[in-house]
There are 2 protein chains.
Amino acid sequence: MPSVVAINQRARSNEQKALRRQAVLTAAETYFLEVGFEAFSMAQLAKKTGLVKGTLYLYFKTREALFLTLYEQSLIRWSEVFISHLSGDMTSKAYAQMLYTTAMADGAFIPLLIRLEHVIEHNVAIASLIESKRVFQRQVAAIAAPTSTSLSLNAAQATEVVKTMGVLLIGATRSDQGPALDNEALPEDIQDLIGSFASEPLFVKNAVRIIEGIRAETGI
Amino acid sequence: MPSVVAINQRARSNEQKALRRQAVLTAAETYFLEVGFEAFSMAQLAKKTGLVKGTLYLYFKTREALFLTLYEQSLIRWSEVFISHLSGDMTSKAYAQMLYTTAMADGAFIPLLIRLEHVIEHNVAIASLIESKRVFQRQVAAIAAPTSTSLSLNAAQATEVVKTMGVLLIGATRSDQGPALDNEALPEDIQDLIGSFASEPLFVKNAVRIIEGIRAETGI
DNA sequence: TATATAAATAACCACTGGTCATTTATAGCT
DNA sequence: AGCTATAAATGACCAGTGGTTATTTATATA
């Protein structure tokens, strides 16, 4: 009764099935990091896993269901890293910078987050969607607690900061999602324009403005 | 020499071709508003225009090239409406509210804006991309000028406000892009969560924080 | 060792965006 | 008025997509 499922073996126990499912997810994440969301094909993923396309649909109802799971995992993973980097007393700038750095360091998190509502949530069972929202809610709470002490905010303020940071992160990192125009054949004015949307300062500066704005609203 | 191109006629002059191209764009926008980005198919669009799929590719190199043009047109259209609603002296809240309202009123603008970098720009000739960025730059400048007087900011601050508002708008309207779960069969905690991301207050509140943050940085 | 079960398969489906050799409307010339 | 060169329009075609399902087959159990 092997607990590891080799290729060409069948996953029969629940444990084996969970293992195979996770193996698919791991392969999917690697493949996703290679080719991105749009070029990601289920047939290719099947080849990478050594399974066949139809088998993948035994483990995930749709392509988007797979991505939703990938998103949940990356959200949890990033949250834990971010929380572990929060310290007792931080400036809003240090906090924002740490949030940005840890989020960017997780290659899958932002690209998945960015496509959540537009694409991923549109081809998923409602039950999965609800489950995903609950995971989100739980992670917001998990981050809000240390945020409250790090930034000396009350609980409601900390929760608002966390939620708002997510919103800002999505907007600010948009420029990183454009095509890779590695060749600097772009005219200078366009390079300047793109440069003025560099995601890191865009995020950090506005995160600070928002956090300080929330803090200032204390007594009102 | 008719200047209007009827169906089953051929567009030969440049003027006729431009007209037909615009007719395709108009049909595309209507169709887009009906079915959204993901369900939009070139074959269906062909049927709606009375042309044939291959003919569409005479006017647009790719599906995304069509969407890029639609985006440019909606950007210009919205800019003009927004500018026309700016007055000499506005609170940052009134300004933000007007920006949000006019942007939402244009059904195509935000859904296209949101997909610009992730999808649209990835299947378009570099020349078109550059052209599109120039249109963007021009509209930012066109909005920044009245913004400067409306909010009593200097030119650099006004430009930063305009650019940052775009970033925030994308993040804040994300929740509107989720699947239409009209049925209130959602559990209450999920409804509350979704409610806490209502795009309008999310945008307006944080826009004010950012504008006031930028204003406060004047003397530094 | 035989059998029931369900995991895995492979052929299949309708569809997609995009291409291109062929057809044909028509502007301009004789 | 009729001819011809041009290029707009067509439709058949392509490789690929996400997803389905009847069939095969590995394997736990009796």
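## Elements and the DNA surface

Helices, taken as DSSP runs of H or I at least four residues long, are numbered here from the N terminus, and in this predicted model one of them, α3(B), gives the largest share of the surface near DNA strand D, namely four residues. For the surface near DNA strand C, the largest share, likewise put at four residues, comes from α3(A).

## The protein around DNA strand D

There are 24 residues around DNA strand D, and those that come nearest are A:Lys53, A:Arg63, B:Arg10, B:Arg20 and B:Tyr59. Of the atoms of DNA strand D that come within 4 Å of the protein, 60% are accounted for by sugar and phosphate. When the residues of this surface are sorted by class, nine are charged, eight are nonpolar and seven are polar.

Phosphate oxygens of DNA strand D are approached by backbone atoms as well as by a side chain: a backbone N or O atom of A:Phe40 lies 3.2 Å from one phosphate oxygen, a backbone N or O atom of B:Val52 lies 3.4 Å from a phosphate oxygen, and a polar side-chain atom of B:Lys17 lies 3.2 Å from a phosphate oxygen.

## The protein around DNA strand C

Around DNA strand C there are 25 residues, of which A:Arg10, A:Arg20, A:Tyr59, B:Lys53 and B:Asn123 come nearest. Sugar or phosphate supplies 58% of the atoms of DNA strand C within 4 Å of the protein, while the rest belong to bases. The residues of this surface divide into nine charged, eight polar and eight nonpolar.

Polar approaches to DNA strand C include one to a base, in which a polar side-chain atom of B:Arg12 lies 3.4 Å from a base oxygen. Phosphate oxygens are reached by a polar side-chain atom of A:Thr55, at 2.9 Å, and by a side-chain N or O atom of B:Ser41, at 3.2 Å. The elements that each supply at least two residues of the surface near DNA strand C are α1 (14-35) and α3 of chain A, together with α3 and α4 (63-84) of chain B.

## Two domains within chain A

The domain assignment divides chain A into domain 1, residues 1-59, and domain 2, residues 74-216, and the C-alpha centres of these two domains of chain A lie 29 Å apart. Their contact involves five residues of domain 1 and eight residues of domain 2, and the area buried between them is about 500 Å², of which carbon and sulfur atoms give 70%. On the domain 1 side, A:Glu29, A:Phe32 and A:Phe37 lose the most area to domain 2, together making up 78% of what that side buries.

Between domain 1 and domain 2 of chain A there are two salt bridges. In one salt bridge the side chain of A:Glu29 meets that of A:Arg77, with an N to O distance of 2.7 Å. The side of domain 1 of chain A that touches domain 2 has three nonpolar residues, two charged residues and no polar residues.

## Contact between chain A and chain B

Chain A and chain B each bring 47 residues to their contact. The size of an interface is often given as the accessible area lost when the parts come together. For this pair of chains the buried area is about 4,300 Å², with 66% of it on carbon and sulfur atoms. In chain A, the residues losing the most area to chain B are A:His118, A:Arg174 and A:Arg209, which together give 18% of what that side buries.

The two chains are linked by ten salt bridges, and A:Asp189 forms a salt bridge with B:Arg134 in which the closest N and O atoms are 2.6 Å apart. Between chain A and chain B there are also 16 residue pairs in polar contact, counted where both residues have pLDDT 80 or more. On the side of chain A that touches chain B, at least two residues are supplied by each of α6 (109-115), α7 (126-151), α8 (155-172), α9 (188-195) and α10 (199-216), and α8(A) gives the most, with eight residues. By class, that side of chain A has 22 nonpolar, 13 charged and twelve polar residues.

Methods
Residues numbered from 1 in each chain as written. Chains lettered and ligands numbered in written order. Heavy atoms only, no water. Near = heavy atom within 4 Å. Polar contact = N/O pair within 3.5 Å; in protein donor to acceptor, adjacent residues only side chain to side chain. Nonpolar A, V, L, I, M, F, W, Y, C, P; charged D, E, K, R; others polar. Domains from an automatic or database assignment. Contact = heavy atoms within 4.5 Å. Buried area = accessible area lost by both parts, 1.4 Å probe. Salt bridge = Lys/Arg side-chain N within 4 Å of Asp/Glu carboxyl O.
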